[in-house]
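Reader: Hey, I've got a structure open and I'm a bit lost. Can you walk me through it?

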Amino acid sequence: MTADASRGAAAPPELVQLLTPEGERVEHPDYDIDLKPEEVRSLYRDLVLVRRIDLEAVALQRQGELGIWASLLGQEAAQIGSGRALTDADMAFPTYREHGVAWCRDVDPVKLLGLFRGVNHGGWDPKEHNFHLYTIVIGSQTLHAVGYAMGVQRDDAPSATIAYFGDGATSQGDVNESFIWASVFNAPIVFFCQNNQWAISEPLEKQTRIPLYRRASGFGFPGIRVDGNDVFACLAVTRQALKNAREGQGPTLIEAYTYRMGAHTTTDDPTRYRVASELEAWKLKDPIERVKSYLFKNELADQAFFDSVEAEADQLGADLRRRCLAMPDPGPLDIFDHVYAEPHPLIDEERAQFAAYLEGFEQR
Amino acid sequence: MTILSLSKALNEGMRKAMEDDPKVLIMGEDVGKLGGVFRVTDGLQKDFGEDRVIDTPLAESGIIGTAIGLALRGYRPVCEIQFDGFVFPAADQIITQLAKMPMRSLGAIKLPVVVRIPCGGGIGAVEHHSESPEAYFTHTAGLRVVACSNPADAYTMIQQAIRCDDPVIFFEPKRRYWEKADIDTADTGWWTPLDKGKVVRPGTDATLIAYGPMVKTCLEAAKAAEDDGRSLEVIDLRSLNPLDTPLVMDSVRRTGRAVVVHEAPVNSGFGAELAARITEQCFYHLEAPVLRVGGFSTPYPPSKLEEHYLPDLDRVLDGVDRSFGF
């Protein structure tokens, strides 16, 4: 068996950590971060708000307003830490769970809901946010990210690309091909793997016999395992990897060691395949609580601050709910929109036929 | 006027496209120094450099996946899949991403990616080197699918495909790569739009409908039929998706008979789509059912048997005879 496939409370070896689950700042020989109090408060706010967006979306699904939702619960630090490491010019390629990264890229949270509500397949302009559309087929986007990074390289632009994926995706051919491409072309890219320990019902041992970050060495670039529930460490490690990419030092694989505290999606039932004690152990490593402890202990925030963030979260949740319900349904003829960029006679013909068919009902 | 082989015509077309637009890239296996296994990209890396003519790792999904990423960054990649039978590792990227991403983005994204695929048999090759996978792609909304049949079309169509803002699957008839024609490379007035077919031989008694490598076979069949006193019209579809429906229907309404010819297996092949559409739109003009001549419902056979598998002049004329038997 693998040396550290344990998903319990014990921290695996070689883990970059700057903030312990108890909220203590610790040193690491290779990575450090110097955050001003307002920056820490800002990260805390991000973490709380994206958890609230997620909670509201789960509730909306439970009430039948979304068809499905993929919760980020437990992965907030991995997403906010890496997302806040990006500059405006950097480009991010998400899976379908990167709601926290979307937040960092200023994508209106209600736009994330379109796909899950069934009104579209992805409702934002990737160029506007430098945040690509959600990709559902596992791992496909890693190749798009590498291709994009090759374009950045050809443009001689001072920016980097980040590709998000999960532990399950590391078994996909596309992800392995993307590692090869990135390595061979020395592409300015960061592979950010959120190892949340579970690919739906399959534990990490079904995907790998070695820690995922060590895979990178076989492809010829560095791999780092970071405490994915430590927003400071995720920020520091990703920032460094992005900088290396921008400076022509090629790709890095970051394995953010975290835990999917909720179900895979709202259709999943984790009680069928994992024990409750595992979740309890990970709750002690909650990504938000440790920042709160740190702020409290160091007197960097008072109760009024925490209350104001809670109030903002409540307002955000209510606003998201209201705007979700107000989202217009697409019209039947929207089926034919945007299939092709240039005119296509068959699409035009079918659109006209279907419009006439629908009109027939109206006239009766 | 310049005499060019089909292979060289593609090469010249790509060269022009690369000269006109610095965003045009070539990528694929062995496309650099070797110039591709069919030499279609010969000399392009030497003239445009390794950043624009990219020898990729040997992984087809990677070629298409990274081409999509380059297109997202504003490039216009032209990908070479080395042989028809090697496209399937890339099928996921083509079908789930390349074809669907523009709609997913509500039109915010355009993916001007060309996927060149040498197709068809007749060169005595080993397994997976002689297939005709066009129907897999015509079935996928979001892709344009075209097939050139001769050097002049190869020269123009590749340039039009590269300029097109939609993804284009570009089939090249590999056994016709070495056929030559005189091409006017100075003028564009003679070009046919990419999504239009052509009547390549007018006739009155029946319509042969073909594309890619079978166009030449049909032209030869039509010439032979002339000796039997039958006047066959031959249509080169050129574009399978979209299909030039008016051209096809106009011809069949005049002749009253249609025989579709392709190398791919008849069963669920592109001919089935044509037969259904012709029947729907020309029902009262038809003297006979629309017939199909194509490969058998078997995997492509070993090369010693391919002459029996591939439609040839006699098989095409047999199809015409069957039509007249009704």
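This is a predicted model: local features need pLDDT of at least 70, side-chain atom pairs count only at pLDDT 80 or more; totals for chains, interfaces and linings use all residues.

Reader: OK, what's the order of the strands in the open sheet of chain B?

Author: The order is 3-2-4-5-7-6-12, seven strands with mixed pairing. Strands 3 (53–55) and 12 (239–241) of chain B are at the edges with a single partner strand each, so one side of each has no neighbour in the sheet. From one strand to the next, the twist averages 20°.

Reader: And strand 7 of chain B, is that buried or exposed?

Author: Buried: six of its six residues are, so strand 7 of chain B is largely enclosed by the rest of the structure.

Reader: Which way do its residues point, then?

Author: B:Val168, B:Phe170 and B:Glu172 point one way from strand 7 of chain B, while B:Ile169, B:Phe171 and B:Pro173 point the other way. In a regular strand, side chains alternate between the two faces of the sheet.

Reader: What is strand 7 of chain B joined to?

Author: Strand 5 of chain B runs parallel to strand 7 of chain B, with six bridges between them. One bridge partner pair there is B:Cys119 and B:Pro173. Strand 6 (residues 144–147) of chain B is also parallel to strand 7 of chain B and is joined to it by four bridges. There, B:Arg144 has B:Val168 as its bridge partner, and B:Val145 has B:Ile169.

Reader: Which helix lies across strand 7 of chain B?

Author: Helix 7 (residues 151–163) of chain B does, running at about 165° to strand 7 of chain B. Helix 7 also lies across strands 2, 4, 5 and 6 of chain B.

Reader: How many residues are in the largest nonpolar core?

Author: It has 192 residues, and those with the most contacts inside it are A:Ile189, A:Ile254, B:Leu208 and B:Cys218. Beyond its neighbours within four places in sequence, B:Cys218 is in contact with B:Leu208, B:Ala210, B:Val234, B:Val261 and B:Val316.

Reader: Last one: how many residues does each chain give to the contact?

Author: Chain A gives 34 residues and chain B gives 34. Helix 3 (60–72) of chain B is among the elements giving two or more residues to the side of chain B that touches chain A, and its nine residues are the largest share of that side. By class, that side has 15 nonpolar, twelve polar and seven charged residues.

Methods: Residues are numbered from 1 along each chain as its sequence is written. Chains are lettered from A and ligands numbered from 1 in the order in which they are written. A nonpolar core is a set of buried Ala, Val, Leu, Ile, Met, Phe, Trp, Tyr and Cys residues joined through C-beta atoms within 7 Å. A residue is buried if 20 or more other C-beta atoms lie within 10 Å of its own, exposed if 12 or fewer, and partly exposed in between; C-beta atoms are placed from the backbone. Two residues are in contact if their C-beta atoms, placed from the backbone, lie within 7 Å. Two strands pair if DSSP finds at least two bridges between them. Axes are lines fitted to C-alpha atoms, for helices over the stretch in contact, and angles run from 0 to 180 degrees between N-to-C directions. Ala, Val, Leu, Ile, Met, Phe, Trp, Tyr, Cys and Pro count as nonpolar, Asp, Glu, Lys and Arg as charged, and the others, Gly among them, as polar.
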